[in-house]
Amino acid sequence: MLRVVSTLRPLLRSPLLPGPKHIPRPRRLPRPFRAVSSSASLVASPPVAPGVDGITEEHLVRCAAAGRAPLRVAVLLSGGVDSSVALRLLHAAGHSCTAFYLKIWFQEDFRNFWSECPWDDDLKYAQAVCDKIDVPLEVVHLSDEYWNHVVSHIINEYRNGRTPNPDVLCNTRIKFGAFLEAIENLKFDYIASGHYAHVVHPSVQNIERSSELQLSKDKDEVRSLAAEMDLPNQSRKDSQGICFLGKVKFSEFVERHIGEMEGVLLEAETGDYLGTHRGFWFYTIGQRQGLRLPGGPWYVVEKDVKNNVVFVSRNYYSLDKRRRTFRVGSLNWFGDFGPTNNEQFKCKVRHSPEFHDCTIINEQTEENGDVLAVHLSEDDQGLAAGQFAAFYRDATCLGSGIILDSWDEMSFPVCAKALETTRMEDKSKLGKPVRIVNLEHMVKPEPEPVKVA
């Protein structure tokens, strides 16, 4: 059962994160779908007895609150493995489920890049998963909401030289923002998703305590469950890159919405003029691709946003360029889980399974208010302003913040000559780029033979 639901209301009443002014979205062509009113009653799947779905392991259905069945659950279904397993577990636990696919793709803005819809495969897999257990699937258009509350913020962040994480904003502003408000009158008991976390609520005796957000099953176990359930998408690869772009390259998206502005590439250690770039917003700290420089590998190590200069280096991972310390602002703690100075935590700084051990110190600044100085137990060269850092005590997520700009002793060192060059108003006076020596092909002198007395 597949229906298409028009853009739902109400929208978010206010943005959840501070940000620059709203960017009007380019005019789009009409949607190629028949819209169904979101006020229509939603027919959920009838509840089934636990175990009827072919899943009999007690610990699996217990994690889906089988003891409280049947609940009316709205399941966010992306067409990927994680959310599909979540749906099957909830259905097997005896709950009455309705699946929702959120359409946020912007294929209308890049109509000439392909002949097929980039989200068509996602929807086909989602429908196949639902058909197997007779669960209704609703397609919800949230492209406009996504543009207003996520993409416009992303564009502004790139314009200011920062590297945002759209997935975090999508969770807070769309999945558990616009969508949550849209269905609040449809009498669902819970919303479920394929996130690797679960909420632990306090007991009745400790009702004043805050709920906890904890890490959940690992990817290997979920993949094993998908195979056991014989899901149609069990072998499907995890999505990579920025979710709303689909097949559009990131550089194409940035070029369309921000444009190009030629700047210079300078070697951080020497200040040598190596070439030009298309605009600092195309590059993030630690990036290798797109520099078009010989003799590499070259890495982006710093950016001067004001003067549109990108600093690069071939010594990004040398021991004297270690990066272990950074500052985090816009802090958001769950309940009373705020940290104390020098407390040991685990920290995640990007979309990957790796965690760092870290210690933190609370600081107060005039510009950013309360911030954390974070010291990692090991190097991480990919730290970039605008990314989110999440903090954990064991498996419990305590909160998060946004990595701040760091033009101080903790950044990659940039020589005085390079800094002086950035301040030149007329950079055409730099002349031609220097000839880059390919270190791999340098002829090394033959060692002199050792004379034996």
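Helix α6 is followed by D230, a residue with a positive phi, near 55 degrees. Helices here are DSSP runs of H or I with at least four residues, strands are runs of E with at least two, and both are numbered from the N terminus. This is a predicted model, in which local features need pLDDT of at least 70 and side-chain atom pairs count only at pLDDT 80 or more, while totals for chains, interfaces and linings use all residues. Residues are numbered from 1 along each chain as its sequence is written, and side-chain values use heavy atoms, with hydrogens and water left out.

An α-helix has 3.6 residues a turn, so residues three or four places apart point the same way.

Next come the strands, where pairing requires at least two DSSP bridges between two strands. An open sheet of 4 strands runs in the order β9-β8-β11-β10, with mixed pairing. The edges belong to β9 (273-277) and β10 (299-304); each has a single partner strand, so one side of each is left without a neighbour in the sheet. From one strand to the next, the twist averages 30 degrees. Strand β10 runs antiparallel to β11 (residues 309-313), and 5 bridges join them; one of the bridge pairs is V300 with V312 in β11.

V312 turns up again in the packing. It is among the residues, with L291, L293 and F311, that touch the most other members of the largest nonpolar core, a set of 53 residues. Such a core consists of buried Ala, Val, Leu, Ile, Met, Phe, Trp, Tyr and Cys residues joined through side-chain atoms within 4.5 Å. Helix α4 (residues 143-159) supplies the largest share of this core, 7 residues. A second, separate core has 26 residues, including V222 and L87.

Elsewhere, β14 (residues 356-365) and β15 are antiparallel and joined by 8 bridges, forming a hairpin with 3 residues between them. In this pair, E363 stands opposite V371 of β15. Strand β15 (residues 369-376) also pairs with β12 (residues 325-333), again in the antiparallel sense, over 4 bridges, and T325 has H375 in β15 as its bridge partner.

Key. Axes are lines fitted to C-alpha atoms, for helices over the stretch in contact, and angles run from 0 to 180 degrees between N-to-C directions. Buried means under 20% relative accessible area, exposed over 50%, partly exposed in between (1.4 Å probe, protein chains only).
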